[in-house]
Structures are given as structure tokens and as C-alpha cells.
Amino acid sequence: MKALMKIELERAFKNKWFYVSVSITLLIVLMDIWQNVLPIRKNMESWLNGSDYQCPGLYMQWMELNLSAPSMIYHFIIPLLAALPYSMSIYTDVKTHYMNNIVTKIEKKKYYLSKLITQFISGGCIATLPLLCSFIITAMILPAIHPVAAVGQYPFRKSEVFGDLFFYNPLLFVIILLIIDFIGFGMINCIAYIFADLLDNKYMVALSPFIIYFLQYVVCSMIGRDSIRMYLQVVHMRVNSLGYIFLDFTVLAAAIVIAYMIRCKRKDTL
């Protein structure tokens with residue numbers, strides 16, 4: 001199992017699509033730095049000496065919290081970029097009969113489990129890597145000024161989920177946010193694992209996480225409730241949405257487990 005996991009992780013992280021996805025996300029990060037961080041740095045002296053407002057620092061201008069256009073673009077396309085490097089592999093393994101060679105040497109359930117774990121890890125890593133890079137670069141440019149709720153310049157209120165934590169320990173808040181994004185986008189990336197059996201086109205398999213993610217956002221907007229896209233921008237995570245958050249991710253987790261169990265019990269390898 002360890003050897004198989006190593007092989008699958010190498011397939012996920014050592015291919016051209018991984019570098020394409022990471023390059024695009026880093027371009028979005030640099031766009032955000034250019035538009036929203038560097039202008040603050042250039043005017044830092046006026047903010048510190050002549051403004052009645054709190055100087056915009058790391059925890060105000062970090063891409064995940066500033067609600068800028070690059071941040072919106074990132075949250076819109078990241079399911080597609082996260083799916084590109086690895087989501088087509090289970091489909092191509094079957095079509096090229098690579099899977100037949102593997103399951104003669106290792107239990108089929110271990111093969112499918114390694115695919116599922118790799119799918120989850122690759123999606124989570126591609127989604128959180130640009131956010132981590134954005135945080136580090138922003139921290140190199142702007143001071144880590146402790147957020148103050150009273151100034152009203154932050155997208156958070158203490159009544160929101162993690163609101164108290166953000167104003168009490170913002171660094172811990174950032175760590176928790178990155179963990180939430182890793183888990184959330186990792187699970188979204190596993191949607192391709194579900195659809196690899198249902199679709200007969202590898203590109204549609206890779207597109208399936210983005211399509212479901214976007215459709216769920218549209219439907220939720222129509223019925224007036226928050227979507228997964230909103231949850232994973234934690235600044236939009238409202239206390240009264242916690243029930244929906246639990247329901248949505250429970251349904252997604254159940255669908256992933258069912259897809260895994262069906263594959264393990266299926267006798268054919270076609």
C-alpha cells in the first residue's frame with residue numbers, strides 16, 4: 001500500500017498539469033499582491049501617521065480575507081485547477097488496462113483507496129498552496145497588525161463563525177482556515193472519483209468537480225441559502241448556516257464512500 005501510494009502521489013504531483021495549475025494559481029496570487037498589497041505598502045507612512053483608521057496589515061490584505069477580484073476568481077476556478085493534475089487518472093487507468101496489471105499484484109480495494117486518498121490530497125494541496133504563498137508574501141510586505149473589531153474595517157464580526165478567534169488569535173485563525181480549505185477542496189476534488197465511472201470522457205471527469213461546485217452555488221443562490229463556495233470563504237460562514245454546512249459535506253462524504261464501496265465490490269475491471 002505504501003509503495004502504491006508513493007507511485008500515485010508521484011503521478012499526481014509530477015506531471016505537467018500540476019505545474020500548469022500551480023502556475024495559474026500563483027499568477028492569481030501575484031495579481032492580488034500587485035493590486036491590493038503593494039499600494040498599501042507604498043502609502044504605509046501616510047496610513048501610520050495621518051489616518052484615523054487602522055493601517056491595513058497582513059490580516060486585512062491577505063488574499064483569503066480581502067474579498068478582492070483575484071480572491072473571487074480564485075474561489076471560482078480552483079475546483080477546476082485542482083482537478084486537472086490527477087482526476088483523469090482513474091479513468092485512463094481503466095481504458096489503458098493499467099489497472100488490470102495493478103490489481104493482479106495488490107487487492108483491488110487498496111488500489112481504489114490509494115486513488116481516493118491521492119485525489120483528496122492533491123486537491124487539498126493545490127487549493128491551499130496559493131493561499132499559503134499569498135499569506136507568506138503579504139507577511140513579507142505588510143506588518144502583522146493585530147485586528148481590532150471596533151474599527152469596522154474587517155469582513156468579520158464577532159458574531160460570525162470564528163469571529164472571536166480572528167480578533168483574539170488571528171494566526172491560529174489562519175491555520176484553521178487553511179485546514180478547512182484543504183479538507184473542503186480535497187473533498188470537492190473527489191467528485192471526479194465519483195464521476196469517473198459515470199462519464200465516458202476523461203475531460204468531463206476532470207470538469208465534474210467544477211460543474212457540481214458551480215451548479216450547487218447557482219441553485220443555493222436561487223433558493224436563498226449559502227453554498228459550499230461560500231462556506232470555503234470562511235468570511236461568509238454564518239452561524240445560521242452551520243446546519244447546511246454539515247448536511248452538504250455529509251452528503252458529499254457519503255457519495256464518495258458509496259462510490260468507493262461500489263468499485264471494491266464490482267467483479268469486472270472494465
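A crossing of two helices is called left-handed if the near helix is turned anticlockwise from the far one by less than a right angle, and right-handed if it is turned clockwise. In this structure, helix H8 passes helix H10 in a right-handed crossing. Helices here are DSSP runs of H or I with at least four residues, numbered from the N terminus.

Before going on, please keep in mind that this is a predicted model, in which local features need pLDDT of at least 70 and side-chain atom pairs count only at pLDDT 80 or more, while totals for chains, interfaces and linings use all residues. Residues are numbered from 1 along each chain as its sequence is written, and side-chain values use heavy atoms, with hydrogens and water left out.

**Two helix pairs**

The table sets out how two pairs of helices pack. Axes are lines fitted to C-alpha atoms over the stretch in contact, and angles run from 0 to 180 degrees between N-to-C directions.

| Pair | Axis distance | Angle |
|---|---|---|
| H2 (residues 16-42) and H5 (residues 69-83) | within 10 Å | roughly 175° |
| H8 and H10 (residues 170-189) | 7 Å | about 145° |

H2 and H5 are therefore roughly antiparallel to each other, a label for angles over 145 degrees. Contact means heavy atoms within 4.5 Å. Residues of H2 including Ile24, Ile28 and Met31 meet residues of H5 including Ile73, Tyr74 and Ile77. By class, this contact has 9 nonpolar, 4 polar and 1 charged residues. Nonpolar covers Ala, Val, Leu, Ile, Met, Phe, Trp, Tyr, Cys and Pro; charged covers Asp, Glu, Lys and Arg; the others, Gly among them, are polar.

Where H8 meets H10, Phe120, Leu131 and Phe135 are among the H8 residues, and Phe182 and Phe185 among those of H10. The contact of H8 with H10 divides into 14 nonpolar, 7 polar and 1 charged residues.

**The core**

A nonpolar core is a set of buried Ala, Val, Leu, Ile, Met, Phe, Trp, Tyr and Cys residues joined through side-chain atoms within 4.5 Å. The largest one has 68 residues, and Trp62, Tyr74, Phe166, Phe173, Phe185 and Phe249 touch the most other members. H8 (residues 108-141) gives the most to this core, with 8 residues. Not counting residues up to four places away in sequence, Phe249 touches Gly184, Met187, Ile228, Tyr231 and Leu232.

Ser71 lies in H5 and counts as buried at 1% relative accessibility. Buried means under 20% relative accessible area, exposed over 50%, and partly exposed in between, with a 1.4 Å probe and protein chains only. Leu67 sits in the loop between H4 (58-61) and H5, and is partly exposed at 34%. Its phi is near 55°, a positive value in a residue other than glycine. Most residues other than glycine have a negative phi.

Conventions:
Helix = DSSP H or I, 4+ residues; strand = E, 2+ residues; numbered from the N terminus. Parallel < 35°, antiparallel > 145°, perpendicular 65-115°, else oblique.
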